[in-house]
Amino acid sequence: MVDLQTQYQQIKEEIDKGIQGVIDSAAFVKGQIVNDFQQHLAEHLGVKHVIAVGNGTDALQIALMALGLKPGDEVITPTFTFIATAEVVAVLGLKPVVVDVDIDTFNIDPEAVRRAITPKTKAIVPVHLFGQCANMDAIMQIAHEHHLFVVEDACQAIDATYTFANGHTAKAGCMGHIGCTSFFPSKNLGCYGDGGALFTDDDELAAKIRAIANHGMVVRYHHDMIGVNSRLDSIQAAVLEAKLPHLTEYTAARQSAAAYYDKTFDGHPRIIIPVRNPQSTHVFHQYTLRLVAPKGQDTAAFRDDVRARLNEKGIPAMIYYPVPLHMQKAYLDPRYRAGDFPAAEQLADCVLSLPMHTCLDNEQLTYITSSLLDILG
C-alpha cells in the first residue's frame, strides 16, 4: 500500500544528514530541530501555531482537554472513520455522539450533525477522510449558531486546501478552533515512527496545549493543570523536516496516480471512483473505490472476494473501514442500531482502497488497474 523504501532512497542524503545531526547533538528530546520543524510547518500551512506531540491520537485527546470539556459533555463525530476519533472522547469520560456521512465524499453529513445537537453538545470533530476536507462552510456555521467548538481531524488530509463560499481558502486542520494531524509513517507527511501535531491560531489555546502536552507544566516542576507526556522526538522531527520541502511534490504525485486510476475506471459498471468535494482539493491519503456487486450477490462478500483475488496477484488492497463506530463492540450504545446510519453501513460493505503512495510508476499502475479490470470481467 505504501512504498517508504523507494521514497527514502530518493531523499536518503537529506534524511541521513538530519538524523546524524540529532545524534551528534545528543538533543534527542525537545531539540532545536523540533522547534524548526514546527515553525516551518506553520509557515507551510499558514497557521500561527503548530505544537508537535507523540502521535495523532494524542493530538486529538490533548485538543479536547484544552477545550475544558467535562465528563458527560457530548462530542459529535462521524461513525465512518478510524476508531481514534471516538476513542479519545470516551477515554476522557465525554460522550461520543456518532452521525452518518455523505455517501459520495465519505465525510461527515452536516445535516446529521445539526439533528444530533442537544443542550449537552459541546464540540464537533469533523474528519477529513481519505484526503479531502469535509463541508467546513456548513460545519463552521452550525458551530457558530450553537456556540460549539470545532476540532478538525486532519490526520489523513494534510496539505488539502478548502475554499469557503466567500472565496477564502485554508488548509485542512486550520479552520476550526484546533486541528490535529498524524505523522504515522504511511501518512502523506510521515516520520519513521509515531508523531503528531496540533494547529491553532488562538494564542491562549496554543499555550494551554503546550502545557498539557508537557505534564500540565509551564514553569518547570510547577503543574497548573492536568496534563500528559506527549512529544515529538528529535529524530522524528529531523525526518519530517527533511520531507516537508517535498510535501507539495508528494501531493502532486498522489494526485497524478489518482488521475490514472480515475481515467481507467471511470464509467465501469462495477466501480464508483472517488467523488471530489468541489470546495476541497484531494491529497489522496487513500484512493478508495466503491464496488457495485452484480444483482443478487451480497455486496460485502463480492468486495471481499475482489480484494482476496487482488492480494493473490500481489496487490495489497485494503478495507478502510469494515465496521462503523456504532457497530464496534467497545462502542455499542442502546441509542444506535444497525440500519440507523445507512450511508456508513453501505460504505463499510463496498469500499476498497488501492495502493496509493508517492512512488507509484506507470508500470505498477498499469498492473494494478488491469488486474482489477480482469477480476471484474
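This is a predicted model: local features need pLDDT of at least 70, side-chain atom pairs count only at pLDDT 80 or more; totals for chains, interfaces and linings use all residues.

1. Helices (H or I, at least four residues) and strands (E, at least two) are here DSSP runs, numbered from the N terminus.

2. Residues are numbered from 1 along each chain as its sequence is written, and side-chain values use heavy atoms, with hydrogens and water left out.

3. The largest nonpolar core has 72 residues, and those with the most contacts inside it are F80, Y287 and L354. Helix α13 (residues 362-376) gives the most to this core, with 5 residues. A nonpolar core is taken as a set of buried Ala, Val, Leu, Ile, Met, Phe, Trp, Tyr and Cys residues joined through side-chain atoms within 4.5 Å, where buried means under 20% relative accessible area, exposed over 50% and partly exposed in between (1.4 Å probe, protein chains only). Contact means heavy atoms within 4.5 Å; leaving aside neighbours within four places in sequence, Y287 is in contact with A258, Y261, D262, F265, I273, P274, L352, S353, L354 and M356. A second, separate core of 27 residues includes A59, M65, L67 and V75.

4. Rings of Phe, Tyr and Trp (its six-membered ring) are paired if their centres lie within 6.5 Å, with planes under 30 degrees apart counted as stacked, over 60 as edge-to-face and the rest as tilted. By this rule the count comes to 14 aromatic pairs. One of them joins F80 and Y321 edge-to-face, at 6.2 Å centre to centre and with 70° between the planes. F80 lies in the loop between β2 (74-78) and α5 (84-91) and Y321 in the loop between α11 (299-312) and α12 (342-350), so the pair ties together parts that are 241 residues apart in sequence. F80 is buried, with a relative accessible area of 1%, and Y321 is likewise buried, at 13%. The rings of Y261 and F265 have their centres 6.0 Å apart and their planes at 10°, so this pair is stacked, and both residues are buried. Ring pairs also link F80, F82, F106, F130, Y320 and Y321 into a cluster.

5. In helix α8 (residues 203-213), the residues L205, A206, I209, A211, I212 and A213 are buried, and what covers the buried residues of α8 includes β1 (49-53), α4 (56-66), β8 (178-182) and β9 (196-200). At the start of α8, a side-chain oxygen of D202 reaches to within 2.9 Å of the backbone nitrogen of E204, and just after the helix H215 takes a positive phi of about 60°.

6. A63 has its place in helix α4 and is buried, with a relative accessible area of 0%. Apart from neighbours within four places in sequence, A63 is in contact with V151, I178, C180 and L198.

7. Which residues does buried Q7 contact, leaving aside neighbours within four places in sequence? Q7 is found in helix α1 (residues 4-10), has a relative accessible area of 6%, and is in contact with K243, Y250, T358 and C359.

8. N188, found in the loop between β8 and β9, is buried, with a relative accessible area of 4%. A polar contact is a pair of N or O atoms within 3.5 Å; within protein, one must be able to donate a hydrogen and the other to accept it, and residues adjacent in sequence count only if both atoms are side-chain atoms. The side chain of N188 reaches the backbone oxygen of V283 at 3.0 Å and makes a polar contact with the side chain of H285 (3.1 Å). Not counting residues up to four places away in sequence, N188 touches I158, L247, Y250, R254, V283, F284 and H285.
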